[in-house]
Amino acid sequence: MPDLPTIGAPPRPNPAVPVALTAIAVGLLSGLVYWWTHRPPSPSPTVAAVTPQAPSRPAEAPQAAPSAPGPAPSAPAQAPAPSLAAAEASLKSVSVTIAGPLETALVSAVGKETGAPLTQVVTRTLVWWLRVPQDLVRHDALSVVYEVRPGHEPVVHAVRFTSGKLGKTLEAYRYQAKGASFSRFFQPDGTELEERLTDGPLESYEQVTSLLRDGRRHKGVDFKTPVGTPVRATFDGVISRKNWNFNGNGNSVEIEESGGKRRTALFLHLSELPKSLQPGQRVRKGEVFASSGNSGHSFAPHLHYQLMLGDTVLDPFDSHATTRASLPAEEKAAFNQALASLRKALPAEAVMGAAR
Ligand SMILES: [Zn+2]
């Protein structure tokens, strides 16, 4: 599987350096050929900058070499996003047509400094609809409303994606429901973009920043969440390990499932664990046994949750039941208003079919 900078941190270096060098040479050549034969007409990407572009830098740090079982995290450093009202003045929009890698399209439209991190943030929405990059095809159209924040990754407010593979246009809008701790992405019908794990490790979190299906060699799901978020056992079991591979994993707990399946669940980058928590101790499903943190090889507060069966990595979104939450009826009017104003900020439909 390709190791692409889809979600979170950039891909790890390929350990097979000689092979990689050859591949790079071949890749450069074929990339050049690809670019020449597939280059879009010059006005293809359109950018509408509402205000002069503020300088920004990607808030990403490079990932370390892969190490089992504690791969590097990916949640980038980020301050709480400002409210839409406060941000409205600085909203920008961009519209691109896919004619190669998504990052190439966004970088050519908005520049590398914004385009690279924007690709990562946008990809966190696209992965809930299709596999990135495998399912992206030429002439797919992407429009994004976003906000550049110096020193932080961009905030994406709206994404509209027309997929040739799926034969439809998908939309997601950032919205903070009343009483909710975080803004989240909702589809026009008011359902959440992200699936949630039934009996997952966190009751509340901001966003999934890495999924197994995103094609990186990352064995867990990363949940972006503030330090101190209660972490729950995802099944009845016994604590089998604590704080192993501390440099990478930080404060960490492994729970071995009791009874039939005997899966193991790994919880990494936690806050300091209570002394009373020791291997051999039993935990019940749903029991809070730790708090999330930012320890070990972690660049921003998040929980790395990993599920194993022996040496096999399981996808929590396959192993656990999942749900898609909906906005309550009384939120619909406010959401529809926010949606209408963000739709207005989206550029006119990208130049579908024109890039030839
Ligand atoms: Zn992780």
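**View 1. Overview of the predicted model.** The protein holds seven helices and 18 strands. Both kinds of element are DSSP runs numbered from the N terminus: helices are H or I runs of at least four residues, strands are E runs of at least two. This is a predicted model, in which local features need pLDDT of at least 70, side-chain atom pairs count only at pLDDT 80 or more, and totals for chains, interfaces and linings use all residues. Residues are numbered from 1 along each chain as its sequence is written. Of the 356 residues, 43% count as buried. A residue is buried if 20 or more other C-beta atoms lie within 10 Å of its own, exposed if 12 or fewer, and partly exposed in between, with C-beta atoms placed from the backbone. Among contacts between residues at least 6 apart in sequence, 70% join residues at least 24 apart. A contact means that the C-beta atoms of two residues, placed from the backbone, lie within 7 Å.

**View 2. Confidence along the chain.** The average pLDDT is 81, and 72% of the residues score at least 70. The pLDDT is the predictor's confidence in each residue, from 0 to 100. Over residues 1-15 the pLDDT is below 50. That stretch has 54 contacts in the model beyond near neighbours in sequence. Residues 31-78 also stay under 50. For residues 31-78 the model has 114 contacts beyond four places in sequence.

**View 3. Helix H3 against helix H4.** Two packed helices are described by the angle between their axes and the distance between the axes. The axes of H3 (residues 102-110) and H4 (residues 112-126) come within 7 Å and cross at roughly 145°. Axes here are lines fitted to C-alpha atoms, for helices over the stretch in contact, and angles run from 0 to 180 degrees between N-to-C directions. From H3, Leu102, Glu103, Leu106, Val107, Ala109 and Val110 take part; from H4, Lys112, Thr114, Gly115, Ala116, Leu118 and Thr119. These contact residues divide into seven nonpolar, three polar and two charged. Nonpolar covers Ala, Val, Leu, Ile, Met, Phe, Trp, Tyr, Cys and Pro; charged covers Asp, Glu, Lys and Arg; the others, Gly among them, are polar.

**View 4. The buried face of H3.** Leu102, Glu103, Ala105, Leu106, Ala109 and Val110 are the buried residues of H3. Seen down the axis of H3, they fall within an arc of 160°, so they line one face of the helix. The arc is that of the directions from the helix axis to the C-beta atoms. Gly111 follows H3, with a positive phi near 90°.

**View 5. Thr114 in H4.** Thr114 sits in helix H4. Thr114 counts as buried because it has 25 C-beta neighbours inside 10 Å. Its C-alpha atom is 9.9 Å from that of Glu147, 33 residues apart along the chain.

**View 6. Backbone geometry in two loops.** Most residues other than glycine have a negative phi, and most peptide bonds are trans. A cis peptide bond joins Val132 and Pro133, with omega about 10°. Pro133 is in the loop between H4 and strand E3 (141-147). His139 lies in the loop between H4 and E3. His139 is not a glycine, yet its phi is positive, about 80°. With 17 other C-beta atoms within 10 Å, His139 is partly exposed. Asn243 is in the loop between strand E11 (237-242) and helix H5 (246-249). Asn243 has a positive phi of about 55°, although it is not a glycine. Asn243 is partly exposed, with 17 other C-beta atoms within 10 Å.
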